[in-house]
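Subject: The structure I promised you

Hi,

Have it open while you read.

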Amino acid sequence: MKIVKFEEFHVDCGWEIYAFLKVSTDEGITGWSEFSGHRRPGIDAAIHGMGQMLIGQDPRAINRIDALTHSFTRPVPGGLNQNAAGAILNACLDIKGKALGVPVYELLGGAVRDRIPVYWSRCGVIRARCAEYFDGKVIDKPAVRTVDDLKAAAREARDLGYKAVKTNLLVFDQKGGRQYTPGSARGEGHPELNLPEDKLDALLAQLSALREGAGPGVRIAVDVNFNYKAEGFRRIARKVEPFDLMWLEMDMYEPNALAAIRASTRTPIASLETILGCRALRPYLDAHCADVAIVDPQYNGVPEAVRMAAMCDAYEVNVASHYFSGPLSAIICAHFAAVIPNLRISEYDVDEVPWKPKLLTHPPVIENGHFVVPTGPGWGTEVNEDELRAHAPKK
């Protein structure tokens, strides 16, 4: 079997643009994966450049493909190159699983669990910053325009069986709710990344609303991304201690500063979703800077993500699977979470446009706050190309 073609598809799903990779072979078996195209300009070109060097290779030779992609990128590791290699490797895993008639998790030694605990990511956040899609306009769910609306979203999560939710900082005013993300150069606060007192007060009010709505049986996590410097993160960590969070999630590229924040608070710290590859991960584990390591099997590719999880296990650190893309990425995350022994929980975006499940022949199944791991060959689903093309972004 030989690789003969690489194709990318971009899909408009409202507030996100999903990107799919299709790898075709000379025997008619195709493999699929996802990558973060719209958030990483240039990744399409990286995939094509790397892919052209793999034309004619046997996609079932996963270790060989892994070694080849690593050798291509050795002078410039990580970043877009790791994302591109991950997308290619994940599609090759799908091909090999289909060729052998087994799920991808069997290629990785077999599943240790068939149901993955998940938390509702961006609970209320999407309904606030993308309110124009809700209230029956595109999605038949209520928009979040006030703190009281946020309580209702948390109550909905509890009633649906989710045992944990995660939020980002929202600021409410007469216009509704908006997300505060200076680390992404959106709105005020960039590039200084200071923590204003009113934003800290807003976060505490938000957490109070979520706790009231969700009740005592649902854990709460907060993700503040790259939005502050170490001083701001440390202030947040101390202020949120009374809420007994599942974790406070933050990102920075300084292991010792992150470790100092962890040492300064009783709040568990989660981090590392943007750290790509084992070599980059090791200094953070050596610094003991996180209670929970977040690993993304889409960004890294499942083979490297499994190695990263094993490295975390050697440091007695559990792993949460990161998920920030479309429905196939969610299934890829489920196969990863199924095989690693040191799983904490997995991320899942619940709010979606009506056509998102139609992109797959077998979309994700959530039962009582758990992701049911697919059992079919490869990822356990096919991608509906007609739906991909029907929802291509408007130029």
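Pro-191 sits in the loop between strand S7 (176–179) and H7.

Before going on, two notes on the source. This is a predicted model, where local features need pLDDT of at least 70 and side-chain atom pairs count only at pLDDT 80 or more, while totals for chains, interfaces and linings use all residues. Residues are numbered from 1 along each chain as its sequence is written, and side-chain values use heavy atoms, with hydrogens and water left out.

Back to the backbone. Most residues other than glycine have a negative phi, and most peptide bonds are trans. Asn-225, in the loop between strand S8 (219–223) and H8, is not a glycine but has a positive phi of about 50°. Asp-244 also has a positive phi, near 50°, and it belongs to the loop between H8 and S9. With a relative accessible area of 53%, Asp-244 is exposed (buried means under 20% relative accessible area, exposed over 50%, and partly exposed in between, using a 1.4 Å probe and protein chains only). His-288, which follows H10, has a positive phi near 55°.

**What is packed inside**

In soluble globular proteins, nonpolar side chains tend to be buried together. The largest nonpolar core here has 121 residues (a core is a set of buried Ala, Val, Leu, Ile, Met, Phe, Trp, Tyr and Cys residues joined through side-chain atoms within 4.5 Å). Phe-20, Ile-88, Leu-207, Ile-236, Leu-248 and Leu-272 have the most contacts inside this core. Helix H13 (residues 327–339) gives the largest share of it, ten residues. Another core, of ten residues, lies apart from it and has Trp-247, Val-292, Ile-294 and Ala-320 among its members.

Which residues does Ile-236 touch, leaving aside neighbours within four places in sequence? They are Leu-195, Leu-200, Leu-203, Val-224, Tyr-228 and Leu-248 (contact means heavy atoms within 4.5 Å).

Ile-236 is one of the buried residues of helix H8 (residues 230–239), along with Gly-232, Phe-233 and Ala-237. Seen down the axis of H8, these buried residues fall within an arc of 135°, so they line one face of the helix (the arc is that of the directions from the helix axis to the C-beta atoms). Their cover includes helix H7 (197–214), strand S9 (247–249) and helix H9 (255–263).

In H10, the buried residues are Cys-278, Leu-281, Tyr-284 and Leu-285. They span an arc of only 115° around the axis, which puts them on the same side of H10. H9 and H12 are included in what covers them.

Ser-321, in strand S12 (residues 318–321), counts as buried at 1% relative accessibility. Not counting residues up to four places away in sequence, Ser-321 touches Val-295, Pro-297, Cys-333, Phe-336, Ile-345, Ser-346 and Glu-347.

**A pocket**

The second largest pocket has a volume of about 490 Å³. (On a 1 Å grid over the protein atoms alone, a pocket is an open set of points where a 1.4 Å probe fits, with protein on both sides within 12 Å along at least five of seven lines; lining residues have an atom within 4 Å of a point. Grid points are joined across faces, edges and corners, and the volume is the space filled by probe spheres set on the points.) It is lined by 21 residues, and the closest to its centre are His-70, Gln-82, Gly-277, Arg-279 and Glu-304.

Helix H2 (62–73), helix H3 (79–100), helix H10 (278–286) and helix H12 (302–314) each supply at least two lining residues. H2 gives the largest share, six residues. By class, the lining has seven nonpolar, nine polar and five charged residues (Ala, Val, Leu, Ile, Met, Phe, Trp, Tyr, Cys and Pro count as nonpolar, Asp, Glu, Lys and Arg as charged, and the others, Gly among them, as polar).

**One last pair**

Leu-100, in helix H3, is exposed at 55% relative accessible area. Leu-100 and Pro-377 are 277 residues apart in sequence, but 7.7 Å apart in space, C-alpha to C-alpha.

Cheers

Conventions:
Helix = DSSP H or I, 4+ residues; strand = E, 2+ residues; numbered from the N terminus.
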